Amino acid sequence: MKITRLGWTAYAVAAATVVLDQISKLWVLSVLGREPGSSLPLLGPLHLTMVHNYGMSFGLLRGNDWGRWLLIGFSIVVVIGLAWWARKATKLLPTVGIGMIIGGAIGNNLIDRVQYGYVVDFIDVRFGQWHFWTFNVADAGVTVGAILLAILLWKRDRTHSAGGQHDPQTQVG
């Protein structure tokens with residue numbers, strides 16, 4: 001089971017995402033403490049606000065201890081699957097996206113949920129009375145990684161359906 005150079009790159013991106021996520025959470029916990037709702041305005045619409053996220057998007061699986069373990073189990077499956085896929089990576093952009101998703105899954109759903117029982121969210125975006133959402137570095141990694149892969153798939157499919165020349169950077173495998 002040989003791992004390509006880009007496979008190692010995916011693992012390095014994942015590790016960097018985990019490290020940035022966990023260091024930022026430790027820093028925020030030292031600044032805001034563990035009390036949910038503690039908040040500190042930063043710059044413009046950005047605030048640091050301590051949120052304990054017991055569920056997932058839109059509050060799904062919130063309040064159930066089995067939901068926590070379900071999310072941990074799902075994350076393990078996703079991390080193993082993506083790590084297996086990444087070992088044969090041949091294109092840089094999908095490799096970065098996969099690494100960001102792996103790192104985000106490890107940072108949120110494995111480390112946080114096992115260590116705290118919830119995910120520590122703190123990047124809070126507000127515009128006047130409109131409150132966007134509160135997230136963390138791992139969430140950003142998963143989101144940016146997924147968007148990157150979606151764009152590459154869209155470009156690949158668009159190129160193939162138009163009968164155009166194949167762009168190797170849009171290959172996702």
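Two strands are taken to pair if DSSP finds at least two bridges between them, and strands themselves are DSSP runs (E, at least two residues) numbered from the N terminus. The structure is a predicted model, in which local features need pLDDT of at least 70, side-chain atom pairs count only at pLDDT 80 or more, and totals for chains, interfaces and linings use all residues. Residues are numbered from 1 along each chain as its sequence is written, and side-chain values use heavy atoms, with hydrogens and water left out.

Strand S3 (residues 119-127) pairs with strand S4 (residues 130-135) in the antiparallel sense over four bridges, and arginine 126 stands opposite histidine 131 in S4. Two residues lie between these strands in their hairpin, where glycine 128 takes a positive phi near 60°. Strand S2 (residues 46-53) also runs antiparallel to S3, to which six bridges join it, with histidine 52 opposite valine 120 in S3. Because seven of its nine residues are buried (under 20% relative accessible area, with exposed over 50% and partly exposed in between, for a 1.4 Å probe and protein chains only), S3 is largely enclosed by the rest of the structure.

The structure holds seven aromatic pairs, counted where rings of Phe, Tyr and Trp (its six-membered ring) have centres within 6.5 Å, with planes under 30 degrees apart termed stacked, over 60 edge-to-face and the rest tilted. The rings of tryptophan 130 and phenylalanine 132, with centres 5.2 Å apart and planes at 45°, therefore form a tilted pair. Both residues are partly exposed, tryptophan 130 with a relative accessible area of 49% and phenylalanine 132 with one of 37%. Ring pairs link Phe127, Trp130, Phe132, Trp133 and Phe135 into a cluster.
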